[in-house]
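Subject: Structure handover

Hello,

Here is the structure I promised to pass on. Please open it first, then read my notes below.

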Amino acid sequence: QVQLVESGGGLVQAGGSLRLSCAASGRIISTFSSYTMGWFRQAPGQEREFVAADIWSGGGTYYADSVKGRFTISRDNAKNTVYLQMNSLKPEDTAVYSCAAQVQSWRGSAYSNSRSYGVWGQGTQVTVSS
């Protein structure tokens, strides 16, 4: 079985910071570095949107324009964990944040397309107050 479990969400004031974690278990952990990992978010009544991606085997990182310069995606392969450091949070960042592992055959392409990801975590709520 493959499982991703997010943690670190919560309530913060605008301008604050949070670090989300996504721990992988199961088949993914044997070759964790070979998976492109992504973060997505979904606000109430909104479609799921791409936030950030870390491309497999050191292929680089990519961000939605709305979070560029404020959020940083990273991973610790020894801990089989991907992180999303969120700084300068804004109320419009309020959403359920989910991590996902891309189907390996995509090889990092279409990294902003949620449909290219095959395994998803349960999501963690981030609420930013004004």
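C22 is buried, with a relative accessible area of 1%. Its partner is C99, and the two form a disulfide. C99 also counts as buried, at 0% relative accessibility. Their sulfur atoms lie 1.8 Å apart. Please keep in mind that this is a predicted model, so the S-S distance is a computed value like everything else here. The link of C22 and C99 is right-handed, with 55 degrees about the S-S bond. It joins distant parts of the chain: C22 sits in strand β3 and C99 in strand β9, 77 residues apart. A search of the whole structure finds one disulfide.

Now the overall picture. The protein chain has zero helices and eleven strands. From the N terminus on, the elements are β throughout: β-β-β-β-β-β-β-β-β-β-β. The chain has 130 residues, and a compact globule of that length would have a radius of gyration near 14 Å. The chain has 14 Å, which agrees. Along its principal axes, the C-alpha trace spans about 40 × 25 × 25 Å. Buried residues make up 42% of the 130. Take the contacts between residues at least 6 apart in sequence: 58% of them join residues at least 24 apart. The accessible surface comes to about 6500 Å². Carbon and sulfur atoms account for 46% of that surface.

Next, the inside. The largest nonpolar core holds 33 residues. Within this core, W39, V51, F71, L84, M86 and Y97 touch the most other members. Several strands give two or more residues to the core: β3 (18-26), β4 (37-42), β5 (49-55), β7 (71-76), β8 (81-86), β9 (95-102) and β11 (124-129).

Setting aside neighbours within four places in sequence, F71 is in contact with V51, L84, M86 and Y97, among others. Its contacts also include the charged residues R41 and D93. Y63, Q85, N87 and L89 complete the list.

In one of them, the side chains of R41 and D93 meet, at 2.9 Å from N to O. This pair links distant parts of the chain: R41 is in strand β4, D93 is in the loop between β8 and β9, and 52 residues separate them. Are R41 and D93 buried or exposed? Both are buried. For D93 the relative accessible area is 1%.

R70 lies in the loop between β6 (60-63) and β7, so the pair ties together parts that are 23 residues apart in sequence. R70 is buried too, with a relative accessible area of 11%.

Another salt bridge joins K79 and D76, at 3.8 Å from N to O. Here K79 is exposed, with a relative accessible area of 55%. D76 is partly exposed, at 24%. As for salt bridges that share partners, they join R41, E49, R70 and D93 into one network.

Two loop residues are left. N87 is found in the loop between β8 and β9. The C-alpha atoms of N87 and A53 are separated by 17 Å, and the two residues are 34 apart along the chain.

P44 is found in the loop between β4 and β5. It counts as exposed, because its relative accessibility is 77%. P44 and V96 are 52 residues apart along the chain, while their C-alpha atoms are separated by 8.6 Å.

When you open the model, I would begin with C22 and C99, the disulfide pair.

Best wishes

Notes
Residues numbered from 1 in each chain as written. Predicted model: local features only at pLDDT ≥ 70, side-chain atom pairs only at ≥ 80, totals over all residues. Heavy atoms only, no water. Core = buried A, V, L, I, M, F, W, Y, C linked by side-chain atoms within 4.5 Å. Buried < 20%, exposed > 50% of the residue type's maximum accessible area, 1.4 Å probe, protein only. Helix = DSSP H or I, 4+ residues; strand = E, 2+ residues; numbered from the N terminus. Contact = heavy atoms within 4.5 Å. Salt bridge = Lys/Arg side-chain N within 4 Å of Asp/Glu carboxyl O. Rg over C-alpha atoms; globule rule 2.2 N^0.38 Å. Areas by Shrake-Rupley, 256 points an atom, 1.4 Å probe, with all protein chains shown as cover. Disulfide = S-S within 2.5 Å.
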